[in-house]
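Have the viewer open as you read, and take the points in order.

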Amino acid sequence: MPPGLPKHPIGTFAFVGLYAVLFVVGWFAIYTFIYLARQPVTP
Amino acid sequence: MKVDLYEKIWMWGVTGMLVLFFGSMANGALTANRHPPSHVETIDPMAVMKDPRFATQGVRVDADGRVHAWIIGLTFTWLPAEMTLPADTPITFHVTAVDVTHGFHIVRTNGQTMVLPGYISQFTTQFAAGEYLVACNEYCGIGHHNMAGKLVVVPAAEWSAPGSAAVAPGPDAVVVVAGEEAGHEGH
């Protein structure tokens, strides 16, 4: 490994982490404001 | 056992997602009373059209004034493909299939159930006034994408029960060939 490079691909981690955060936020928004908001049906 | 750092991150991520998804199901079931709309009522799929429950499809009002919708799914349409229903009124849907598994999905509402030959799926829900697309959301064959219907929901004051007899066909018991008139949001 060339000297001076970080030990881990920090930039890649940042992109993947941002993707994960957006995924979780989007999932919770749909779960809360669409799925739960529609209320259950009566069997 | 040595586990690589990246492998650990991946494993914890997957574990977190499993907890999230199973937790959401448990939360829905325990706090919001959400369950599969199962209703163990059987029917001979070879004799659905002759069965008194489905001999006439469409909207009926029972002796207690409750509104019921009796619907058959077959490749590639719903019978009836269009119904007029009262708004803000509990409506009990009874749906069965005569051939293969279908999915009865009233788009943008909570109305959704699998439709299995041999069983009558049942759920009760209500709607605001408007038009709703009914899509088949279980792949049922080459014409699956055309299997669509429509619910026209009108204010309860403007709605009249179809006929007076419990099995009389309503004015809305019209079969529309899927694809000619209904929307195509289904997949």
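Contact means that heavy atoms lie within 4.5 Å. This is a predicted model, in which local features need pLDDT of at least 70 and side-chain atom pairs count only at pLDDT 80 or more, while totals for chains, interfaces and linings use all residues. Residues are numbered from 1 along each chain as its sequence is written, chains are lettered from A in the order in which they are written, and side-chain values use heavy atoms, without hydrogens and water.

1. Start with the layout of chain B, which has 1 helix and 10 strands (DSSP runs numbered from the N terminus: H or I of at least four residues for helices, E of at least two for strands). From the N terminus on, the order is α-β-β-β-β-β-β-β-β-β-β. Among contacts in chain B between residues at least 6 apart in sequence, 63% join residues at least 24 apart.

2. Of the 187 residues in chain B, 44% are buried (under 20% relative accessible area, with exposed over 50% and partly exposed in between; 1.4 Å probe, protein chains only).

3. Next, look at H1(B). Its 27 residues should span 39 Å at 1.5 Å a residue, and the end C-alpha atoms are 37 Å apart, which agrees (the expected span is 1.5 Å times one less than the number of residues). B:Leu20, B:Ser24 and B:Gly28 are buried in this helix. An α-helix has 3.6 residues a turn, so residues three or four places apart point the same way. The cover over the buried residues of H1(B) includes helix H1 (10-35) of chain A.

4. What does B:Ser24 touch, leaving aside its neighbours within four places in sequence? The residues in contact with B:Ser24 are A:Trp27 and A:Tyr31. B:Ser24 has a relative accessible area of 13%, so it counts as buried. A polar atom of its side chain lies 2.7 Å from the backbone oxygen of B:Phe21.

5. Now turn to the largest nonpolar core, which has 28 residues (a set of buried Ala, Val, Leu, Ile, Met, Phe, Trp, Tyr and Cys residues joined through side-chain atoms within 4.5 Å). Those with the most contacts inside it include B:Trp78, B:Phe93 and B:Leu151. Among the elements giving two or more residues to this core are strands S2 (67-74) and S5 (91-97) of chain B. A second, separate core of 7 residues includes B:Val48 and B:Trp70.

6. Finally, B:Ile120 sits in the loop between strands S7 (112-115) and S8 (121-125) of chain B. B:Ile120 counts as buried because its relative accessibility is 0%.

How values were computed:
A polar contact is a pair of N or O atoms within 3.5 Å; within protein, one must be able to donate a hydrogen and the other to accept it, and residues adjacent in sequence count only if both atoms are side-chain atoms.
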